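This report describes one protein chain for a reader who is new to structural description. Please keep the sequence and the model in view while reading.

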Amino acid sequence: MSNDIEDRPIDDQRLTIGERLNTPAGQLVKKVTLVIVVMTVILVIFSVWWVNESMPVVASDTEQAVQDTMMVFAVASAPVMALVWGIGYYSLRHWRSPNKDLSLPPEDGPPIRSNARLTMTWVIVSGILTAFLLVWGLTELTATTTIPTTSSPLVVKVTGQQWLWSFAYDNDGGVGSPDLVLPIDRTIVFQVTSTDVIHSFWLPEMGVKVDANPGVMTTSITTPSKLGTFNVRCAELCGLNHSFMETTVTVVSADDFNKWITAHGGTPGQKVAGGTNG
Ligand SMILES: [Cu+2]
């Protein structure tokens with residue numbers, strides 16, 4: 001049997017890019033590219049709008065990093081999604097079987113043996129994209145989980161139990177409280193545990209969500225960046241009243257924080273071994 005594919009003249013490959021774009025196949029490529037570009041623009045606009053619309057207010061550096069990462073990943077994935085949809089559009093529109101009789105399989109198009117330029121472009125572009133996202137993710141992860149050595153962090157002991165949270169400030173005279181009060185612009189180290197079942201300590205506006213496990217101390221850090229009162233929730237189904245396991249976190253100035261500690265019988269900066277449990 002003769003190999004009719006290899007015998008076929010390869011006129012297409014002798015044309016310049018400009019000439020090839022003017023062939024019927026080239027016109028089609030231009031049309032699909034336009035669809036992909038328009039779809040990319042729409043998806044980027046949608047991503048930016050959706051992240052701004054659906055995410056909570058930013059009350060800490062951690063939440064800022066979370067929302068920046070959401071935005072970067074959404075925008076970076078927009079052209080990939082547009083490419084997949086664009087090829088889907090092309091396939092559905094132009095490779096539909098012309099046969100009304102669906103018992104007959106559609107005729108195959110010419111097989112493509114290789115396309116070095118396309119392969120290299122695909123490998124390089126997707127390699128750069130994934131490397132960028134990996135480096136971005138690792139950089140943000142390191143920045144939001146490393147305690148800065150230049151500042152003195154505030155340690156807050158967080159205890160979950162069915163169905164309330166309690167907070168202890170062992171480095172400030174052992175103050176205990178059912179509400180969380182934090183000074184602005186100071187690194188906070190949460191030491192989280194539970195007295196009964198597994199809970200999850202969640203500060204939606206501060207980008208903190210960490211398991212509270214009985215017998216184990218988990219740690220999470222953040223730096224509040226906005227004055228105000230925000231939510232404290234439990235994010236792990238922990239029993240009958242799980243949905244009521246909530247309180248507030250109030251971010252105040254450093255002076256007001258010291259006054260609050262003093263008003264609750266503590267001394268700012270005075271360490272207490274063991275401390276209270278709220
Ligand atoms: Cu809980």
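Threonine 195 is found in the loop between strand E5 (188-194) and strand E6 (199-203). Helices (H or I, at least four residues) and strands (E, at least two) are DSSP runs, numbered from the N terminus. Is threonine 195 buried, exposed or partly exposed? Threonine 195 counts as partly exposed because 14 C-beta neighbours lie inside 10 Å. By definition, a residue is buried if 20 or more other C-beta atoms lie within 10 Å of its own, exposed if 12 or fewer, and partly exposed in between, with C-beta atoms placed from the backbone. Leaving aside neighbours within four places in sequence, threonine 195 is in contact with Thr159, Gln161 and Pro214. A contact requires that the C-beta atoms of two residues, placed from the backbone, lie within 7 Å. The C-alpha atoms of threonine 195 and glycine 160 are separated by 6.5 Å, although these residues are 35 apart along the chain.

**The model as a whole**

This is a predicted model, in which local features need pLDDT of at least 70 and side-chain atom pairs count only at pLDDT 80 or more, while totals for chains, interfaces and linings use all residues. Residues are numbered from 1 along each chain as its sequence is written. The term pLDDT denotes the predictor's confidence in each residue, from 0 to 100. The chain has a mean pLDDT of 86, and 90% of its residues reach 70 or more. Over residues 1-8, pLDDT stays under 50, and the model has three contacts beyond four places in sequence for this stretch.

The chain contains six helices and 10 strands. Of its 278 residues, 22% count as buried. Among contacts between residues at least 6 apart in sequence, 71% join residues at least 24 apart.

Angles run from 0 to 180 degrees between N-to-C directions, and axes are lines fitted to C-alpha atoms, for helices over the stretch in contact. Two strands pair if DSSP finds at least two bridges between them.

Within this sheet, leucine 154 stands opposite isoleucine 188 in E5. A cis peptide bond, with omega about 0 degrees, joins glutamine 162 and tryptophan 163.

**The sheet that contains E6**

A further five strands form an open sheet in the order E4-E10-E9-E6-E7, and the pairing is again mixed. The edge strands here are E4 and strand E7 (208-212), each pairing on one side only. From one strand to the next, the twist averages 25 degrees.

| Strand pair | Sense | Bridges |
|---|---|---|
| E1 (residues 154-161) and E5 | parallel | seven |
| E4 (residues 180-183) and E10 (residues 246-252) | parallel | four |
| E9 (residues 228-234) and E10 | antiparallel | six |

Individual residues show how E10 is joined to its partners. Leucine 180 stands opposite valine 249 in E10, and leucine 182 has valine 251 as its bridge partner. Threonine 229 has threonine 250 of E10 as its bridge partner. Helix H6 (residues 254-263) lies across E4 and E10, running at about 140 degrees to E4.

Aspartate 185 is found in the loop between E4 and E5. This residue has a positive phi of about 60 degrees although it is not a glycine. Aspartate 185 counts as partly exposed because it has 13 C-beta neighbours inside 10 Å.

**Two packed helices**

Helix H4 (residues 61-94) and helix H5 (residues 116-145) pack at an angle of about 175 degrees, with their axes 10 Å apart. H4 is therefore roughly antiparallel to H5. Angles under 35 degrees count as roughly parallel, over 145 as roughly antiparallel, 65 to 115 as roughly perpendicular and the rest as oblique. The residues that make the contact include Thr62, Ala65 and Phe73 of H4 and Leu129, Trp136 and Glu140 of H5. The residues of this contact divide into eight nonpolar, four polar and one charged. Ala, Val, Leu, Ile, Met, Phe, Trp, Tyr, Cys and Pro count as nonpolar, Asp, Glu, Lys and Arg as charged, and the others, Gly among them, as polar.
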